[in-house]
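Student: I have a structure open and want to learn to read it feature by feature. Where do we start?

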Amino acid sequence: KQWYQRRVAITAGGGPGTYIFSVQTTNDFSEGVVTTQTVTHEVKETTEAPTVPATTTPKPTTKKITTPKITTPKPITVAVTEPQEPKNMDCGPIQNLEPLPGKPLQLSCIVPEDVNYEAEAITWSYKVGDEGQTLDQEALIISGVNIVANNTLKSSTLNIGEIIETQAGTYKCSIESSPHSSECEYIVAVTRTGSGALQTSVSTAVSLVIVLLAFF
């Protein structure tokens with residue numbers, strides 16, 4: 001005895017409700033025998049459509065490329081110090097003098113503006129001829145020369161009340177204060193008086209007259 005099984009698909013096209021499906025089968029081996037199979041199936045009403053989750057396509061992740069910032073170094077500025085031009089003392093308009101014997105002599109050195117020293121820092125010296133003895137300021141004061149420093153007027157002044165021929169020579173005021181080291185030189189030549197020169201000429205003329213009279 002051999003059995004055969006078949007699967008039958010039945011589609012119901014109605015609405016909600018209970019459906020009864022009957023299947024009759026016959027075969028050649030059981031002639032006259034009808035086999036019936038009944039199946040009940042209930043179709044319920046669906047109020048909501050089945051929810052199908054939406055398919056979300058992930059956005060492509062784009063990584064931002066960061067370009068490194070190039071910093072240009074600032075140029076280094078080096079301050080250039082200009083060499084400061086020395087500021088010399090003001091020596092006045094005349095540096096060669098020929099005073100008469102017995103007359104006063106006055107020499108002045110003026111301190112320039114914006115320097116780092118006062119008039120009292122100026123010193124005086126005196127020299128006889130090119131290779132003669134040199135006297136410093138202290139020796140000049142001892143010999144009777146008057147030296148006055150005036151910081152208000154920014155001047156240093158040398159005074160001789162009555163000059164004589166032995167006081168002729170070179171007088172110098174100087175300052176040693178970097179960068180303004182400077183000096184002034186005054187060449188003083190004491191001349192003879194006019195009356196002395198006239199007396200010499202008269203004496204020479206009288207001698208000449210005496211010589212001429214001797215021949216007559």
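Student: In which strand does Gly17 lie?
Tutor: Gly17 belongs to strand E1, which covers residues 17–25. Keep in mind that this is a predicted model.

Student: Is Gly17 buried, partly exposed or exposed?
Tutor: Compare the relative accessible area with the cut-offs: under 20% is buried, over 50% is exposed. Gly17 has 25%, so this residue is partly exposed.

Student: Which residues does Gly17 touch, leaving out those up to four places away in sequence?
Tutor: The list is His41, Glu42 and Val43. Gly17 and Lys44 show that: 27 residues apart in sequence, with their C-alpha atoms 6.5 Å apart in space.

Student: Now the cysteines. How many disulfides are there?
Tutor: Look for two cysteine sulfur atoms within 2.5 Å. The count comes to 2 disulfides.

Student: Which cysteine pairs with Cys91, and how far apart are the sulfur atoms?
Tutor: The partner is Cys184, with 1.8 Å between the sulfurs. Cys91 sits in the loop between strand E2 (35–43) and strand E3 (96–97), and Cys184 in strand E10 (residues 182–188), so the bond ties together parts 93 residues apart in sequence.

Student: Is the disulfide of Cys91 and Cys184 left-handed or right-handed?
Tutor: Read the torsion about the S-S bond. For Cys91 and Cys184 the torsion is about -80°, so this disulfide is left-handed. Cys91 counts as buried at 14% relative accessibility. Cys184 is buried at 0%.

Student: And what does Cys109 bond to?
Tutor: Cys109 is joined to Cys173, S to S 1.7 Å. This pair also links distant parts of the chain: Cys109 is in strand E4 (residues 105–110) and Cys173 in strand E9 (residues 169–175), 64 residues apart. The S-S torsion of Cys109 and Cys173 is about -95°, so their disulfide is left-handed. Cys109 is buried at 0% relative accessibility. Cys173 is buried, with a value of 0%.

Student: What is the pairing if I number the bonded cysteines in sequence order?
Tutor: It reads 1-4, 2-3.

Student: Next, charged side chains. How many salt bridges does a search of the whole structure find?
Tutor: It finds 2 salt bridges. Here you look for a Lys or Arg side-chain nitrogen within 4 Å of an Asp or Glu carboxyl oxygen.

Student: Which residue forms a salt bridge with Lys154?
Tutor: Glu113 does, with the closest N and O atoms 3.2 Å apart. Lys154 lies in the loop between strand E7 (146–150) and strand E8 (155–160), and Glu113 in the loop between E4 and strand E5 (123–127), so the pair ties together parts 41 residues apart in sequence. Lys154 is partly exposed at 30% relative accessibility. Glu113, at 51%, counts as exposed.

Student: Which side chain meets Glu183 in a salt bridge?
Tutor: That is Lys172, at 3.7 Å from N to O. Glu183 lies in strand E10 and Lys172 in strand E9, so the bridge ties together parts 11 residues apart in sequence. Glu183 is partly exposed at 41% relative accessibility. Lys172 is partly exposed at 25%.

Student: Last topic, the rings. How many aromatic pairs are found?
Tutor: The search of the whole structure gives 2 aromatic pairs. For Trp124 and Tyr186 the ring centres are 6.2 Å apart and the planes at 25°, so the pair is stacked. Trp124 lies in strand E5 and Tyr186 in strand E10, so the pair ties together parts 62 residues apart in sequence. Both Trp124 and Tyr186 are buried.

Student: Why do the rings of Tyr126 and Tyr171 count as tilted?
Tutor: Their centres are 4.6 Å apart and their planes at 35°, so the pair of Tyr126 and Tyr171 is tilted. Tyr126 is in strand E5 and Tyr171 in strand E9, so this pair ties together parts 45 residues apart in sequence.

Student: Are Tyr126 and Tyr171 buried or exposed?
Tutor: Tyr126 is buried, and Tyr171 is buried as well.

Methods. Residues numbered from 1 in each chain as written. Predicted model: local features only at pLDDT ≥ 70, side-chain atom pairs only at ≥ 80, totals over all residues. Heavy atoms only, no water. Helix = DSSP H or I, 4+ residues; strand = E, 2+ residues; numbered from the N terminus. Buried < 20%, exposed > 50% of the residue type's maximum accessible area, 1.4 Å probe, protein only. Phe/Tyr/Trp six-rings, centres within 6.5 Å; stacked < 30°, edge-to-face > 60°. Contact = heavy atoms within 4.5 Å.
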